[in-house]
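Work through the exercises below with the model open beside you. Try each task before you read its solution.

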2 protein chains.
Amino acid sequence: MSIELYDLATADPKLRFSPYCWRVKMALAHKALAWREIACHFTDKDRLPQSSAGTVPVLVDDGQVVGDSWHIAVYLDQRYPDKPLFACDQAKSTALLVKFWVERTVQPFITRMGVGDFMATLHEMDKAYFRQSREKRFGMTIEQYMSGREQAREGFGAALEPLRAMLAEQPFVAGKQPAYADYIVFGALQWMRCGSPFPALRQDDPVFDYRERMLDLFDGLGRRAHHREVLASS
Amino acid sequence: MSIELYDLATADPKLRFSPYCWRVKMALAHKALAWREIACHFTDKDRLPQSSAGTVPVLVDDGQVVGDSWHIAVYLDQRYPDKPLFACDQAKSTALLVKFWVERTVQPFITRMGVGDFMATLHEMDKAYFRQSREKRFGMTIEQYMSGREQAREGFGAALEPLRAMLAEQPFVAGKQPAYADYIVFGALQWMRCGSPFPALRQDDPVFDYRERMLDLFDGLGRRAHHREVLASS
């Protein structure tokens, strides 16, 4: 029985931008595991397995239901120890700080740059739910929130400075080869690339080269994804 | 022959706040190695070993001269493999992103909150050099730069959000036990604690509890240090 991955769907069956789902896809490919994707809309969560928490990604493996991208990564390393995502416990613990760095410091800028574009890609039935939940969180309309996107691009560039400095020393967060800490970072970059035409990264940024390396992995798994990015002439 | 560590000196022989030197002291204590500190003023760098780059910390071990706190940590793990600072190569690589996160995202707020206080602790002969070099970097006077310290405290609090979120899951960056990634973070917190009376951390912040745990390590090595912190009544 193959692995099933419940993934976030947009109106275009080929467009998938959830950063958390991208982490899991890269992790599965890292382990050379096959999987089948089940697209799931925001307002379509009744389709998720009963025991899940109601958010994607959800992995179903041989009857086991695992939610939350981090828990899925940990599960995969336990169930399939070959080609580990975490080379040792300390690497896993340290990757947890990387996870929260991405989620608390980097990704808020992506939301600010792209949230209206992300909404535009959704199925009509999802748009009202998406607008309402996000506007409640922001305390303003999506359009007001996005009006700060030029400033958010500056913040995004500054937030990536630690990664940029690190890339002068080694090609991946995990060292010479990529591993789960990289898939966390890549999930954020791929979210923006797939979900929005707003030019967030400059081509002369070392982070752009890093993303290119990540896009090439696993026979171009990330590169083959439908994307909406328009590159800025830098 | 014991290990010698060239450490940054202030006017008070007991006050040492260099974050990079603190990383190394914690690393040496982690390995249960003894060392002798040689205090060195900013304008006193002729005292450093010839082959060093002219900045502290410098470690001299059995004739080997090693500069730069990261290189010192890597050297210590090679030379003294017991009680590793990095449990595996991937943990080391991932800690390099933590290092640059601390240096590029967290520490600039510490500079902004404390630089005038740091200058005030220095030996008279260092003050002119310190002012000149910092004001050139900031493009303004130290007093102008510090006038944004209330705002920098907010930025500092926000920059620590990934650490705060991580601390809900595990007690140290390295997991159940502290290791070098923690000493990098601690170096920044100890720099502020020792160098400035400006209340940067709230006592109800999980980062404060984390720092308490770090201060208790190695028979209170960090806690015994002369400090200038005044706690805010929160």
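**Exercise 1.** Place Ser133(B) in its secondary structure, then decide how exposed Ser133(B) is.

*Solution.* Step 1: Ser133(B) sits in helix H4, residues 124-138 of chain B. Helices here are DSSP runs (H or I, at least four residues), strands likewise (E, at least two), numbered from the N terminus. Step 2: the relative accessible area of Ser133(B) is 22%, so Ser133(B) is partly exposed. The cut-offs are buried under 20%, exposed over 50%, partly exposed in between (1.4 Å probe, protein chains only). Step 3: Phe42(B) is 91 residues away in sequence, yet 11 Å away in space, C-alpha to C-alpha.

This is a predicted model: local features need pLDDT of at least 70, side-chain atom pairs count only at pLDDT 80 or more, and totals for chains, interfaces and linings use all residues. Residues are numbered from 1 along each chain as its sequence is written, chains are lettered from A and ligands numbered from 1 in the order written, and side-chain values use heavy atoms, without hydrogens and water.

**Exercise 2.** Find where the cis peptide bond between Val56(A) and Pro57(A) lies.

*Solution.* Step 1: omega of this bond is about -5°. Step 2: Pro57(A) is in the loop between strand S2 (35-40) and strand S3 (58-61) of chain A. Step 3: most peptide bonds are trans.
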